[in-house]
Amino acid sequence: MSVPFLDLASPYAELRDELDEAYHRVMASGWYILGKEVAAFEEEFAAYCGVRHCIGVGNGLDALHLILRGYGIGPGDEVIVPSNTYIATWLAVTHAGATPVPVEPDEATYTIDPVRLEGAITSRTKAIIAVHLYGQAADMDPINDVAHRHGLRVIEDAAQAHGAGYKGKKAGGLGAAAGFSFYPGKNLGALGDGGAVVTDDDTVAERIRLLRNYGSRLKYHNEVRGFNSRLDELQAAFLRVKLRKLDEWNARRSTVARRYLLKLKHIKGLRLPSVAAGTDHAWHLFVIGHSQRNELVAYLGEQGMSSLIHYPIPPHLSEAYADVAAPHGDLPIAEFMAETVLSLPMGPHLQERDVDAVAVAVASFCAGTIVSGE
């Protein structure tokens, strides 16, 4: 049988009438940029995250970049980032003119290790970007404690964490500001690119509203040197529909994850995801580890099971950072992850039989046994 990594057709099939209605509503309005749909989505998503402000922007990278710009972080400044993350986290820092300083992750959760933060702080450090990786929130209390002691901003990279929770609060309300991506494959995905900044900081929210729109509140009156990064009306209308399903779809993802964990728990040599106490995992990805990762990926492909690697090249070893980043071996945890992790099919429309088929294929490769009845 064939199991896709992510099914993007079924969400539309489930919400066809509502999404089609949203499309027709926007098209009939004749207003496509920064109109009523964006304003409504911003209000609804801010409320969902438990914050006062949401500013829709073009994509997740722009969201992080504009947060840094909004706080005046730029040339000569340093920003602590995880060593293992999608490169967009680092790119946001360098686009602002600052320098990314990598810190290794906790080996159980793969999110940035609060214990290692203090050793990376210098007189030039201005912020910490905590990535809620794979759908699990970083350990925010100790991260915020370190930041408070040193007068630093904590910025959430919540691109993979729509609906994730930490000690009763939603991702997006755990730091000074947070950047979200609405790339189609996200838990809350648009039907194209999109992103948002959420924050309780009135000042930075107003500045980001200026920056996203050419530095202008009033057309042709440009107060600062801004950018063109705006969530468009059509995507906002689609996101309003899908936001109403987010918690339900995240619950379905949790069901998929629990079944994977049950089916794979006896397989030797396999690293399974670890869920930290106090977190509500959104299960954007279900990431396992194996010493023969590349062979396992190939085997699954031969069985018709799609898998992906998040991520095969850590940012410090990418060509993009060849001139400034740490050499091979300096960030061994990130490098170990890059060499051993793979993501199994995941999504709210993944069927139980598909999960079981993937689990059997993984067990077959590992010469393991799935206990009957589980």
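**Notebook: strands, sheet and overall build**

I began with β6 (residues 165-166), which is joined to β7 by 2 bridges, the two strands running antiparallel. The model I am reading is a predicted one. I looked up a residue pair for this contact and found G165 bridged to K170 in β7.

Next I asked which strands make up the sheet around β6. I found an open sheet of 3 strands in the order β7-β6-β12, with antiparallel pairing. As a reminder to myself, strands of a sheet pair through backbone hydrogen bonds, either parallel or antiparallel.

I then followed the chain back from β12. The loop between α9 (246-264) and β12 (279-280) contains K265. Is K265 buried, partly exposed or exposed? I noted a relative accessibility of 45% for K265, so it counts as partly exposed, the class between under 20% for buried and over 50% for exposed. I also checked K265 against Y71, which is 194 residues away along the chain, and found 45 Å between their C-alpha atoms.

**Entry on β4**

I turned to β4 (residues 125-131) and counted its buried residues. The count is 6 of 7, so β4 is largely enclosed by the rest of the structure. Which strands pair with β4? β2 (residues 78-82) runs parallel to β4 and is joined to it by 3 bridges. In that pairing I see V79 opposite A127 of β4. β5 (residues 153-157) also runs parallel to β4, with 5 bridges between them. Here I128 faces V154 in β5.

**Entry on the whole protein**

I listed 12 helices and 14 strands for the protein. The radius of gyration is 21 Å, close to the 21 Å given by the globule rule for 374 residues, so the protein is as compact as a globular protein of that length. For the extents, I noted that the C-alpha trace spans about 65 × 55 × 35 Å along its principal axes.

I looked up burial for the whole protein and got 55% of the 374 residues as buried. Among contacts with a separation of 6 or more, 69% are between residues 24 or more positions apart. The accessible surface is about 16000 Å², and carbon and sulfur atoms hold 52% of it.

Last, I checked charges. I counted 35 positive and 45 negative side chains, and the centres of these two sets are 3 Å apart.

Definitions and conventions. Residues numbered from 1 in each chain as written. Predicted model: local features only at pLDDT ≥ 70, side-chain atom pairs only at ≥ 80, totals over all residues. Heavy atoms only, no water. Helix = DSSP H or I, 4+ residues; strand = E, 2+ residues; numbered from the N terminus. Rg over C-alpha atoms; globule rule 2.2 N^0.38 Å. Buried < 20%, exposed > 50% of the residue type's maximum accessible area, 1.4 Å probe, protein only. Contact = heavy atoms within 4.5 Å. Areas by Shrake-Rupley, 256 points an atom, 1.4 Å probe, with all protein chains shown as cover. Lys, Arg positive; Asp, Glu negative; His and termini not counted. Charge placed at Lys NZ, Arg CZ, Asp CG, Glu CD. Pairing = 2+ DSSP bridges.
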